[in-house]
Structures are given as structure tokens and as C-alpha cells.
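Visitor: I have a protein model open and would like a walk through it. Could you take me around?

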Amino acid sequence: ADTQPIPIIMFTAKTLIDDKVAGFEAGADDYLTKPTHPAELASRVKAILARSVPVPKPPAPGQAKSSAPRGTTIGVLGAKGGVGTTTIALNIATARLMASENPVVADFRLGSGSMGLSIGLARSHGMANVLARPVDEIRPKLIESELATHPSGLRALLSSARPVETTVEFEPDAAVALIRALRAISRPAVFDLGSGLDPITMQLQAEMDQLVVVIDPVSVTLAMAREILHEISAQRTSARQHVHVVVVNRAASSTPPSWSEIEQYLGFEIRATISLASELVTQALQANVPVVMFQPTAIASSQMLKLAEELYTRARMFATGESN
């Protein structure tokens, strides 16, 4: 239909997370609760319209290369362990692969990496091999030699669950060099930064064009997330343009906090809510396939596909200077 490409924003007084999930399930592109400041409404409209900007395709063999923007980076950081950080990072990268992009997903969790195991990739020590090298050797060619490739075509730089990897010593400059090298060989580079902040993670998050902080709607997690967001905001002057909160719901709570209550408590708007059904995740793990590829029409898949599209659009706008 001619009206199918027209985006839809739901504008309502209903503020519970379940109401917002229902709105997105009905096909809404965004959901705003009353009262809303006109400036926020304008920014949401601008963001939705930006999603329709076509992504330039790489030149065909033999064609002259255009002046393409630098590669983009998307980081995923958990407010604490167990909230679904790895699942979100993996599926954002897979969503961009399904959109005919050329992503690489990287797992920075040395000694506790589970991403490779979740998609059946045995070669899961590439991250440790790269970080153990001198900084001046960390180049795109080295990284490409350490990538594992899923049958779907998704490329990954993985950490393993071997405890010995936690003893790998590396300078923060090595990790930054790795991120910048991945910019050159991927569109986008998606990073699982693990949970919480330490000095290295603080430096890595600053290299992210877009950063997702993953939470669940539990008081302990919210308190931890607020501290993390406070620290990041102190370092990034434009944090609200680049840092986004994503709520992962695994089970309905009897008294869930409302969307607006969470936003007010954290001081950041919620970019998306993901309804990760345990049965779907288990089935995808058994098949060694990311959720968005295993069952693309599932509610959680559609939510993650939409999130990945918006993050990549925002990252591209930042890389090309359009956000300024």
C-alpha cells in the first residue's frame, strides 16, 4: 500500500511497559507518553525520518570508490551481568547482516566469552590473540586473520570461556587500536563490552559512535545503571545523543515500573524494550543461530531489528557529521 512506508508514533497517556510493548507489537515505530515536551516530539520525528535515509551500497567491482564515511561502531554494555548484553550485541550485528551490510561483532569479555558458544563457533580466542600483540601490529589484516565466520556469513572476533584468558595483559591503547582497525573492515562494528565500568571499558565506550546500556526493570539494576550513566555523562558531553537505554523483559513483573518512571530515575530516555521469551532464546541457542535470524517474525526479533536499524542510522549520521 502507498501508506506502508509512513512511520507511526503512538502518543498516549498509557505509561506502563506492557502498554508500550503492545504499541510496538501493533506496528508503532515509536511511543511517546503524555506530557511530552515539543522539543522531544520533534527529535523523535527527526530520528524516525532519518531511518528512511537509504544506506549507500558499496561500489561494484571495477567501479570507482566514492568518498565513503568512516566505519561506525556500536557498543553494548550491561548495567550488570545476566541482563542479555551478549544477546543484544549479537543480534544487532546479525540484523545488519540481514540488511545486506558487512558487520563484525566483537566480544571483549576475555575469559568469560559465551558468544561463540551460542552460535556454535569453536574458534573463540581471536580477541585474546589480537590484544596480546604489540599495538603497532594491530591492523585490519591481523584482525581479519583472527575472525571466525558463522554459516550465515556473520563475522566475529571472539573471546572464550577459558579462565586463562583473564591473565592476558594488554594496554588500553591496544584495545583502542583494535576498535579503530575494525572500523576499516566492517559496517558496522558491534562490540559486547560486558557489564559494569572499569578503566578500560570507560576508554572503550568513548570510542563508540552509539552506546547501548542494557538493563532489566529491577530496582538493583536500575540503581547500577544510574551510576554507570552518570559516569559516562561526566566523560561524554553529548551523551544523550550517543547513549541509549534498552530494557530487556524476560518475565512479567507484578508491579513493573512505568517507562516514564524509569526514564525519570535514570535521566535518559529508553530507546527500546525487548521482550526476550526464554523459549525462543533456548531454541535459537540449540540451533546455534541468532534469534533475529532463527525466527525473524517473533516479537523480540522485530524489536531488535528495529533497534539495530535506528542505532546504525544514528551512527552513520554521527560519522558523516549530519548530527551536528
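**A walk through the model**

Guide: Let's begin with two helices: the axes of helix 9 (residues 219-235) and helix 11 (residues 259-266) come within 9 Å and cross at roughly 45°. Axes here are lines fitted to C-alpha atoms, for helices over the stretch in contact, with angles from 0 to 180 degrees between N-to-C directions. Helices (H or I, at least four residues) and strands (E, at least two) are DSSP runs, numbered from the N terminus. This is a predicted model: local features need pLDDT of at least 70, side-chain atom pairs count only at pLDDT 80 or more, and totals for chains, interfaces and linings use all residues. Residues are numbered from 1 along each chain as its sequence is written, and side-chain values use heavy atoms, with hydrogens and water left out.

Visitor: What do we call the way helix 9 and helix 11 lie to each other?

Guide: Angles under 35 degrees count as roughly parallel, over 145 as roughly antiparallel, 65 to 115 as roughly perpendicular and the rest as oblique. Helix 9 and helix 11 cross at roughly 45°. The pair is therefore oblique.

Visitor: Which residues of helix 11 does helix 9 meet?

Guide: Contact means heavy atoms within 4.5 Å. From helix 9 come Leu222, Ala223, Ala225, Arg226 and Leu229, and in helix 11 they meet Ile262, Tyr265 and Leu266.

Visitor: In what order do the strands of the open sheet run?

Guide: Two strands pair if DSSP finds at least two bridges between them. The open sheet has eight strands with mixed pairing, in the order 5-6-4-7-3-8-9-10.

Visitor: Which are the edge strands?

Guide: An edge strand pairs on one side only. Here those are strand 5 (148-149) and strand 10 (270-275).

Visitor: Is Leu77 buried or exposed?

Guide: Leu77 belongs to strand 3 (residues 73-78). Its relative accessible area is 0%, so Leu77 is buried.

Conventions
Buried < 20%, exposed > 50% of the residue type's maximum accessible area, 1.4 Å probe, protein only.
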